[in-house]
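The following note sets out some points on domain contacts, the chain interface and helix packing. Please read it alongside the sequence and coordinates.

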Amino acid sequence: MYALNMTDHIIGRTPVLVESDDFSSLLLRVAEQRDKAALAALFNHFGPRIKSMMLKLGSSEALAEDLVQETFVSIWRKAAMYSQQRGAASTWIFTIARNLRIDQLRRQSNKPYEDLDNLEMASDAPLGSSLVEQNQIIARVTLALKALPVEQQEVVRLSFIHDMPHAQIAESIGIPLGTVKSRLRLAYERLRPMLEDLQ
Amino acid sequence: MTINHHPDIATLMAFGAGTLDEPYAAVVATHLAMSEGGRESLRHIQTIGGALLNDEPAAPLGSGALDRLLDSLDDEGDTMTLTKRPAPVAAPTEDGLPLPLQRYVPGGLDSVRWKWTGPGVATADLAWGKDGKSRLMLLRVAGGRRVPEHGHGGQELTLILQGAYKDRFGIFAKGDIADHDEDVEHQPIAEPGEDCICLVAVDAKLTFQGRLMRALQPLFGI
């Protein structure tokens, strides 16, 4: 699909940026070929986005940069754990950044998540959708998120991007906790067909 | 193992977003380790995070950020890093504890030091590294025994590890999770037979206040 031999593109030690929207293929290259050019391409796309997310949690410019670095060192270390059944690359990278956020910003253990990952690795569940299908799912979910009623988008973003517990969301926008939860449930129901790839 | 009672989707979303306090995350992870369907739901939920991250505006990185990353990778060395998938970890057996719980109960259920909290009822607090506002604990109710009626000051997550209990919401057996908001009152009765052992996350901050303290006193021996 992307017949680039990226190692050929490394000049000196700085890889040439590879233009590609197929992040899952890049991640597999990192996993299977220890391809730094592929990692660099992922860094150029996701690094600034992870930084944006970390800044929204109130972290300083310097801390946000550090967390981006740590996220990508984790991606490098753990790339072999990425497999196609685990969904789109952006989803996997989100979970790496999330686990780091729990550890570094929340100062709590992310071991429950790591244990689940290890269980998944051990499971022989058949592969789900192909890389292309996963990218399509991400594209459809992105559109569906934008089509959600504003009040549902708000709680979803505050939870996933701003890292706010439900009780804090309730407090910050001045609605009861039960309303936060019901908006999240409604949002999930709307996203479900795209998430389960039923369309 | 057929699981009939699942976490509220909003709870799973909080787990996927990473915003649950560790005791709650530990209960959800232990449940998910027992539920293939639950893990599939989690994958869907995490896709929401992936789509949102992908769609985040780009905050420009400082100059030299990529070089800094590549330098750290050099420090890592190419050979010491994972190039293969790690060896599979043993899946939970029918008798063993699910992997996420093993960290909190390293010696297994037989090693737990139970504290008597009422006729046929015992509890054991599990350490989780922080004196946070939430508590992680095991609850053991002898077959046929009744847990005193109680309300909740905050969210209560209860995962059945062994045996079963029944309340007005139905029968809860191994792998089932009861996900109750504050204002829910219920009176579980352990099913006849073996002890019912549950993993419970509760909001401890509130247990020292009026109504809830009185309500929980006979249950948790506060």
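1. Chain A is divided into two domains: domain 1 covers residues 6-129 and domain 2 covers residues 148-199. The contact between them takes 5 residues from domain 1 of chain A and 4 residues from domain 2 of chain A. On the domain 1 side, the residues touching domain 2 are 2 nonpolar, 1 polar and 2 charged. It should be kept in mind that this is a predicted model.

2. Between the chains, 56 residues of chain B are in contact with 65 residues of chain A. On the chain B side, the elements that give two or more residues are α1 (9-17), α2 (22-33), α3 (36-54), α4 (65-76) and α5 (99-102) of chain B. Of these, α3(B) gives the most, with 12 residues. By class, the side of chain B that touches chain A has 31 nonpolar, 13 polar and 12 charged residues.

3. Two packed helices are described by the angle between their axes and the distance between the axes. The axes of α9(A), residues 177-195, and α1(B) come within 9 Å and cross at roughly 85°. Because angles of 65 to 115 degrees count as roughly perpendicular, α9(A) is roughly perpendicular to α1(B).

4. As to the residues of this helix pair, α9(A) makes the contact through K181(A), L184(A), R185(A) and Y188(A), and α1(B) through I9(B), A10(B) and M13(B). The contact of α9(A) with α1(B) comprises 5 nonpolar residues, no polar residues and 2 charged residues.

Methods. Residues are numbered from 1 along each chain as its sequence is written. Chains are lettered from A and ligands numbered from 1 in the order in which they are written. This is a predicted model: local features need pLDDT of at least 70, side-chain atom pairs count only at pLDDT 80 or more; totals for chains, interfaces and linings use all residues. Domain bounds come from an automatic or database domain assignment. Two residues are in contact if their C-beta atoms, placed from the backbone, lie within 7 Å. Ala, Val, Leu, Ile, Met, Phe, Trp, Tyr, Cys and Pro count as nonpolar, Asp, Glu, Lys and Arg as charged, and the others, Gly among them, as polar. Helices (H or I, at least four residues) and strands (E, at least two) are DSSP runs, numbered from the N terminus. Axes are lines fitted to C-alpha atoms, for helices over the stretch in contact, and angles run from 0 to 180 degrees between N-to-C directions. Angles under 35 degrees count as roughly parallel, over 145 as roughly antiparallel, 65 to 115 as roughly perpendicular and the rest as oblique.
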